[in-house]
Amino acid sequence: MTSETIDAAASGSWRLGDLTVNRLGFGTMRLTGSGTFHRGTPSDRDRSLGVLRRARELGVNHIDTAAFYFSSLRSANELVNSALAPYPDDLVIVTKVGPGRDPSGEWLPAARPEQLRGQVEENLRQLGRDHLDVVNYRTHGRHSVAEHFGALAELREAGLVRHLGLSDVDPEQLAEARAIAPVVCVQNRYALGTRTTEDDDVLRICGELGIAFVPFFAIAGEGGARGVADTADSGVRAVARAHGATPAQIRLAWTLHRGPHVLAIPGTGDPDHLVENVAAGAIRLPDDELARLV
C-alpha cells in the first residue's frame, strides 16, 4: 500500500446529524502518554501536536476526545485546542461526559444528571469553544439513561451542545434516549473476534435508524485501554499479506465494512501509525476475505 498518499476521504463519509465526516477519524486517548490515562509516562507535547496536525493534513475531520483523557502532564483537550484552533469549519469534535477523574487521576463516581452541565462546560473551556459539536453520554452499567440524557437534552436546547450521542449502551437504552432527543451516534466497544450478539444488534439498529455506529478499541480488541493484545490471528495475517497491509489495518478495514454507517476512531501518538491507520480506509475486502474474518 502507498500509505503516504491516502487521504481519510478514501474511507467514504457519513453524517453526525447535519455534520458530514469522513468515516476514518481520530481518537485522542493515546495522545497523552505511553499508556492511557495515568499509565506510563507523559507524551512529548510537540510530537502529540504534530500528530494532530498531520491528521488534519490527511483529511481527518472527526476528532474524538474527552476532558478525562489526561496524564500527569498532558490533556487531550488542551492538545486539540493548541494544535487545531482556530478550528476549520469542516472539523467535528466529539466529546463525552459521564465519567470523571480528580486532578490526581483517580476515577470519580459517575456524574449525576445535575453534574453533567459542569462536565460540558469543562470541555468547552478546555477546547476553547462556545458550543460542542457532539456530546456522548457514556453510561455506567445497564440502568435507565432518561435523567442523564434529559439533562443533556436541556443543554442542547440551551445551545451549549449541537448534537447528542451515547456510549456503551444496549438497544433498550438507545430506545429510551431516542424518546427524549435525537441520537446521532453510538460509541460502543466493538472489534473483530470480540463482538457479541448484542453488539451486532446495536450496530444493526443504528444502521436501520441512520445513526452512526462508532466502535472503540477496534484495533486493541481484548486489550482495551491497555493497548493491542493480539491483532494477528491466522485469518487476519493471511488477509494482511494479500493486501500488503498490517494486521491493524485489516482490523480497521473490517470495521468499516460492517456498514456504511460505521465510523472508526483509531488513536495513536505515533505519526507513522497515524498514516497507516488513515490508509486503512482505502482497503476494500472482498466477500471471501470477509468470510475468513469472524
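**Phe-217.** I started with Phe-217 and looked up how much of it can be reached: 18% relative accessibility. Buried means under 20%, so Phe-217 counts as buried. I have to remember that this is a predicted model. I then checked the backbone and found that phi of Phe-217 is near 60 degrees, a positive value in a residue that isn't glycine. Most residues other than glycine have a negative phi, so I made a note of this one. Phe-217 sits in the loop between strand E9 (212–213) and H7.

**Asp-168.** I found Asp-168 in the loop between strand E7 (161–167) and helix H5 (171–178). Is Asp-168 buried or partly exposed? Its relative accessible area is 24%, so I put it down as partly exposed.

**Pro-86.** Most peptide bonds are trans. The one from Ala-85 to Pro-86 is cis, with omega near -5 degrees. Pro-86 belongs to the loop between helix H2 (76–84) and E5.

**Helix H7.** I walked along H7 (residues 234–243) and found Gly-235, Val-236, Ala-238, Val-239 and Ala-240 buried. What covers these buried residues? H8 and helix H10 (287–292) are included in the cover. At the start of H7, a side-chain oxygen of Asp-233 comes to within 3.1 Å of the backbone nitrogen of Gly-235. After H7 comes Gly-244, with a positive phi near 60 degrees.

The largest nonpolar core has 71 residues, and Leu-52, Val-120, Leu-152, Val-186 and Ile-250 have the most contacts inside it. Helix H8 (residues 247–256) gives the largest share of this core, 6 residues. I picked Val-186 and listed its contacts, leaving aside neighbours within four places in sequence; among them are Leu-166, Val-169, Val-202, Cys-206 and Phe-213. Another core, of 13 residues, lies apart from the largest one, and includes Leu-16, Leu-19, Val-92 and Leu-263.

**The second largest pocket.** I got about 310 Å³ of space for this pocket. It is lined by 20 residues, and Gly-100, Arg-101, Leu-108, Gln-119 and Glu-122 are the closest to its centre. Which elements give two or more residues to the lining? They are strand E5 (92–97) and helix H3 (116–127). H3 gives the most, with 4 residues. Sorted by class, the lining has 9 nonpolar, 7 polar and 4 charged residues.

Note on methods:
Residues are numbered from 1 along each chain as its sequence is written. This is a predicted model: local features need pLDDT of at least 70, side-chain atom pairs count only at pLDDT 80 or more; totals for chains, interfaces and linings use all residues. Side-chain values use heavy atoms; hydrogens and water are left out. A nonpolar core is a set of buried Ala, Val, Leu, Ile, Met, Phe, Trp, Tyr and Cys residues joined through side-chain atoms within 4.5 Å. Buried means under 20% relative accessible area, exposed over 50%, partly exposed in between (1.4 Å probe, protein chains only). Contact means heavy atoms within 4.5 Å. On a 1 Å grid over the protein atoms alone, a cavity is a set of points where a 1.4 Å probe fits but cannot get out, and a pocket is an open set with protein on both sides within 12 Å along at least five of seven lines; lining residues have an atom within 4 Å of a point. Grid points are joined across faces, edges and corners, and a volume is the space filled by probe spheres set on the points. Ala, Val, Leu, Ile, Met, Phe, Trp, Tyr, Cys and Pro count as nonpolar, Asp, Glu, Lys and Arg as charged, and the others, Gly among them, as polar. A polar contact is a pair of N or O atoms within 3.5 Å; within protein, one must be able to donate a hydrogen and the other to accept it, and residues adjacent in sequence count only if both atoms are side-chain atoms.
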